[in-house]
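I opened this entry to keep track of what I looked up. The notes follow the order in which I checked things.

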Amino acid sequence: MKRLINQRPGTLGKCLLGLLPFVVIGIVYFYFSSERLAINPNDKLMPSMQSFIDAVSYLAFEPNKRTGDYVLWADTAASLQRLALGVGISALTGLIIGILVGIIPLIRAGIAPVITIISLVPPLAILPILFIIFGLGELSKVMLIVLGITPFLIRDVQLRVMALPHEIIIKAQTLGANSWQLILRVVLPQVLPKLIDAVRLSLGSAWLFLIAAEAISATEGLGYRIFLVRRYMSMDIILPYVVWITLLAFLMDYLLRRLSKGVFPWHANEQGESK
């Protein structure tokens, strides 16, 4: 008899098993929702499916009477722009500084302690400082994402570089490679797929910092909309927005995983993703 740990589901089985928890959650939610609405039809805590459909239809497919924008898509575009800028700057900074700190001992001795201390500072605690320094515009929101995830990316890249087999570094130097050639031809190709993994792991934190910044100071964005309607207990808007943010985060994670697998197939094989 085949052991349980050696049994692998097929493509259809993976899809069904992956959907099963969401189906169960949906059934449980709508059961209790119907029970609450049967007692109080005006209950706002657990809206019905029709309430969700009406709210999403209004936000996504009807232009706002004041601005003419489709609210859901305008919020999504604003949030994704901020997130892309913040994550992009963080990834580039984390790659450059992480490699230099990991491969050059003199730089590691001078910068690593500072990076460690910065990484321990709660980013949300310095949000008021960011608003004071950078104002209430887009820059402060992007900077919160950058300060929130860049130290993590730097430290992750640093550890990945320091974990490279020392024999590879010695062989490259023996063959005549100088420091920059070693970084560009040996270290960089090894670290890039691991940077993508680190960015995937930091997406949740990036979304958290973005929504926190939008909740405090913004005129559009997914986080702004959620905190705007919370005073009215509009769960028919809040819950779809939360689901939409989750779907966007999942899609970004999936695209990064496909990018890593397509550009660096050897890394996917090492991680066992090809199985």
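Salt bridges. I began with the charged pairs of this predicted model, and the count of salt bridges came to 7.

I looked up Asp 75 and Arg 225. Their side chains meet in a salt bridge, at 2.8 Å from N to O. I noted that Asp 75 sits in helix H3 and Arg 225 in helix H9, so the pair links distant parts of the chain, 150 residues apart.

Next I checked Arg 82 and Glu 214. Their side chains form a salt bridge with an N to O distance of 2.6 Å. This pair also links distant parts of the chain: Arg 82 belongs to helix H3 and Glu 214 to helix H8, 132 residues apart. I found both Arg 82 and Glu 214 buried. Which residues make up the network of salt bridges that includes this pair? I wrote down Arg 82, Glu 138 and Glu 214.

Then I turned to Arg 200 and Asp 253. The side chains meet in a salt bridge, 3.0 Å from N to O. Asp 253 counts as partly exposed because its relative accessibility is 22%, and buried means under 20%.

Nonpolar core. I moved on to the largest nonpolar core, which has 45 residues. Which members touch the most other members? They are Ile 99, Ile 145, Val 187, Trp 207 and Tyr 241. I listed the elements that give two or more residues to this core, among them helix H2 (49-61), helix H3 (71-103), helix H6 (138-162) and helix H10 (235-263). Helix H8 gives the most, with 14 residues.

Leaving aside neighbours within four places in sequence, I found Val 187 in contact with Ile 99, Ile 103, Val 161, Leu 164, Ile 169 and Leu 182. As background, I noted that nonpolar side chains tend to be buried together in soluble globular proteins.

Domains. Last, I looked up how the protein is divided. Domain 1 covers 9-46 and domain 2 covers 59-274. How far apart do the C-alpha centres of domain 1 and domain 2 lie? I recorded 32 Å.

Notes
Residues are numbered from 1 along each chain as its sequence is written. This is a predicted model: local features need pLDDT of at least 70, side-chain atom pairs count only at pLDDT 80 or more; totals for chains, interfaces and linings use all residues. Side-chain values use heavy atoms; hydrogens and water are left out. Domain bounds come from an automatic or database domain assignment. A nonpolar core is a set of buried Ala, Val, Leu, Ile, Met, Phe, Trp, Tyr and Cys residues joined through side-chain atoms within 4.5 Å. Buried means under 20% relative accessible area, exposed over 50%, partly exposed in between (1.4 Å probe, protein chains only). Helices (H or I, at least four residues) and strands (E, at least two) are DSSP runs, numbered from the N terminus. Contact means heavy atoms within 4.5 Å. A salt bridge is a side-chain nitrogen of Lys or Arg within 4 Å of a carboxyl oxygen of Asp or Glu.
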